[in-house]
Amino acid sequence: MDLITVWFVLLAILWTGYLVLEGFDFGVGMLLPVLDKEPGAAKDPTASDRRRRTMLTTIGPHWDGNEVWLLTAGGATFAAFPHWYATMFSGMYLALLLLLVALIVRNMGLEYRHKRTDVTWVARWDAAIIGASVLSPFLVGVALTNLVDGLPMTAHLSGATEYTEFDGSLLSLLTPIGLLGGLTLTVLCLTHGAHFIALKTAGPIRAQARGVATRAGLASAVLAVPLLVSLGVQRGGGLTWVTSALAAVALLAAIGANTKGAEGWAFAGTATTIGLTVVTYFLMLFPNAINGRGDGPALTLDAAASSSLTLTIMTWAAVVFTPIVIAYTVWNYWVFRRRLAVEHLPETADVH
């Protein structure tokens, strides 16, 4: 396997790590207005805030570390495949800018929500967290699906060198299959987040999260089938049908485990589903970095890659630092492994 293929595989691993870890962060954010009161009960502002703080506390030690995977994936793309990075960030400029703003607003909400106890202050930051938690996975899903489905690309000549460039606009991304990809990833993250809350909490909120996870999991399966079949018919092969089928089996197994109260297995199931979906997407891309729409030219990995020397230096850096990052991540999750109940938090928030 040459270094270009090695770094293509490493990018798939980085995107898998990001969507598995940040995916449940997004899901928890989306569930704030869903799980903040018991079904059928009148809403008590104090109790509702306590439940929301409980949910946010489950991701408190992890969400900023989870975002590092996105930064690493972006940095690795820039260094290993500069033409891929330039084409993607110029062609999807507005969509990626919107994603960046959504992530910043959500992070500000997570940091500033606890700075004051004023009801209006808290409600506005909650709205920022909820809205950005919906928008972020939707935009990521639209972008990744368009890379696989194909973007409008044209070939150009610079002297004797031929290169391909994106030739579209923001509206070019809003195709039915792209929107379906965004919606599917959003609902899948909602399911993943519900599994995480059920795994990390105790008491009534845990049971409610399991109920939401079952309904969201079934909705994810309904959306994923036409998405993967449509992409598979156009871009797939024998191996992608296998990984797509395994992703579906993992999702169904997660739904089954959740209904039996095995939250750990349910969470592992949605994590596996996300991972296998990313693998399927990257298999449909290979040997291209961006597929061309219709008969349009594609941007190949060979044309997008850095020099052999750059890839060699990056490989040695990855060999040294990747085990350190993984070890720290595992240690962080082990330290904060215990379940959290609403009663563990004070009735009113501590301002800090």
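**View 1. Valine 119 lies in helix α6.** This model is predicted: local features need pLDDT of at least 70, side-chain atom pairs count only at pLDDT 80 or more, and totals for chains, interfaces and linings use all residues. Residues are numbered from 1 along each chain as its sequence is written, and side-chain values use heavy atoms, with hydrogens and water left out. Helices (H or I, at least four residues) and strands (E, at least two) are DSSP runs, numbered from the N terminus. Valine 119 counts as exposed because its relative accessibility is 67%. The scale runs from buried (under 20% relative accessible area) through partly exposed (in between) to exposed (over 50%), with a 1.4 Å probe and protein chains only. Aspartate 49 is 70 residues from valine 119 in sequence, and their C-alpha atoms are 9.6 Å apart.

**View 2. Helix α6 also holds valine 134.** Valine 134 is partly exposed, because its relative accessibility is 37%. Its contacts (heavy atoms within 4.5 Å) include Met30 and Thr186, not counting residues up to four places away in sequence. From valine 134 to leucine 31 is 103 residues in sequence and 9.9 Å in space, C-alpha to C-alpha.

**View 3. The largest nonpolar core has 87 residues.** Such a core is a set of buried Ala, Val, Leu, Ile, Met, Phe, Trp, Tyr and Cys residues joined through side-chain atoms within 4.5 Å. Trp15, Leu19, Phe81, Trp84 and Leu147 touch the most other members. Helix α1 (residues 3-30) gives the largest share of this core, 15 residues. Tryptophan 15 touches Leu70, Ala73, Val140, Leu144, Val278 and Phe282, leaving aside residues up to four places away in sequence.

**View 4. The largest pocket holds about 650 Å³ of space.** On a 1 Å grid over the protein atoms alone, a pocket is an open set of points where a 1.4 Å probe fits, with protein on both sides within 12 Å along at least five of seven lines; lining residues have an atom within 4 Å of a point. Grid points are joined across faces, edges and corners, and the volume is the space filled by probe spheres set on the points. The lining has 31 residues, and Trp15, Leu70, Phe89, Leu96 and Leu99 lie nearest the centre of the pocket. Helices α1, α3, α4, α5, α6 (119-149) and α10 (263-285) each give two or more residues to the lining. The largest share, 8 residues, comes from α5. By type, the lining has 26 nonpolar, 4 polar and 1 charged. Here Ala, Val, Leu, Ile, Met, Phe, Trp, Tyr, Cys and Pro count as nonpolar, Asp, Glu, Lys and Arg as charged, and the others, Gly among them, as polar.

**View 5. Several elements cover the buried residues of helix α3.** The buried residues are Trp63, Asn66, Glu67, Trp69, Leu70, Ala73, Ala76, Thr77 and Ala80. Their cover includes α1, α2, α4 (82-91), α5 (93-112), α11 (301-304) and α12 (308-335). Glycine 60 sits in the loop between α2 (45-59) and α3 (63-80). Glycine 60 is partly exposed, because its relative accessibility is 37%.

**View 6. A cis peptide bond joins phenylalanine 286 to proline 287.** Its omega is near 5°. Most peptide bonds are trans. Proline 287 is in the loop between α10 and β4 (288-290).
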